[in-house]
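This report reads one predicted model from single residues out to the whole chain. Have the structure open alongside.

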Amino acid sequence: MSPISSISASANLPSAHSSGLAAIATGSQKLSQDAQQIANPGSQNVTGPLVNLNQSLVLAEAGANVISAENKMLGTLLDALA
């Protein structure tokens, strides 16, 4: 087993890819909930959900950035080992 795979196997941590996907999914779920609250005609206070929309966007963008960084890191690692 290579030193890199032994580190990965022993760390027992979630991968960057799965963490990024989880952040995107959470952002999407929060976006959907806030959109429903804003669209509800009975809602009196829409300020909170409107602020949360921006937070959901930032969370989804952060997840995408994690996946992008992982892809760049793997590409660099493959270039170095090739």
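Start with S56. Leaving aside neighbours within four places in sequence, S56 is in contact with G27, K30, L31 and D34, where contact means heavy atoms within 4.5 Å. S56 sits in helix α3. Helices (H or I, at least four residues) and strands (E, at least two) are DSSP runs, numbered from the N terminus.

Is S56 buried or exposed? S56 is buried, because its relative accessible area is 3%. Buried means under 20% relative accessible area, exposed over 50%, and partly exposed in between (1.4 Å probe, protein chains only).

L59 also belongs to helix α3. L59 is partly exposed, at a relative accessible area of 28%. With neighbours within four places in sequence left aside, its contacts are A23, T26, G27 and K30. L59 and G20 lie 39 residues apart in sequence, and their C-alpha atoms are 9.5 Å apart in space.

| Residue | Relative accessible area | Class |
|---|---|---|
| S56 | 3% | buried |
| L59 | 28% | partly exposed |

Next, the helix pair. Two packed helices are described by the angle between their axes and the distance between the axes. The axes of α2 and helix α3 (residues 47–81) come within 8 Å and cross at roughly 165°. Axes are lines fitted to C-alpha atoms, for helices over the stretch in contact, and angles run from 0 to 180 degrees between N-to-C directions. The two helices, α2 and α3, are therefore roughly antiparallel to each other; angles over 145 degrees count as such, under 35 as roughly parallel, 65 to 115 as roughly perpendicular and the rest as oblique. Residues in the contact of α2 with α3 divide into 15 nonpolar, eight polar and three charged. Ala, Val, Leu, Ile, Met, Phe, Trp, Tyr, Cys and Pro count as nonpolar, Asp, Glu, Lys and Arg as charged, and the others, Gly among them, as polar.

Now the whole chain. It has three helices and zero strands. Buried residues make up 11% of its 82 residues. Of the contacts with a separation of 6 or more, 66% join residues 24 or more positions apart.

Finally, confidence. pLDDT is the predictor's confidence in each residue, from 0 to 100. The chain averages 84, and 84% of the residues score at least 70. Confidence is lowest in helix α1 (residues 3–11), at a mean of 55, and highest in helix α2 (residues 16–39), at 92. Where pLDDT is low, the predicted coordinates should not be read in detail.

In this predicted model, local features need pLDDT of at least 70 and side-chain atom pairs count only at pLDDT 80 or more, while totals for chains, interfaces and linings use all residues. Residues are numbered from 1 along each chain as its sequence is written, and side-chain values use heavy atoms, with hydrogens and water left out.
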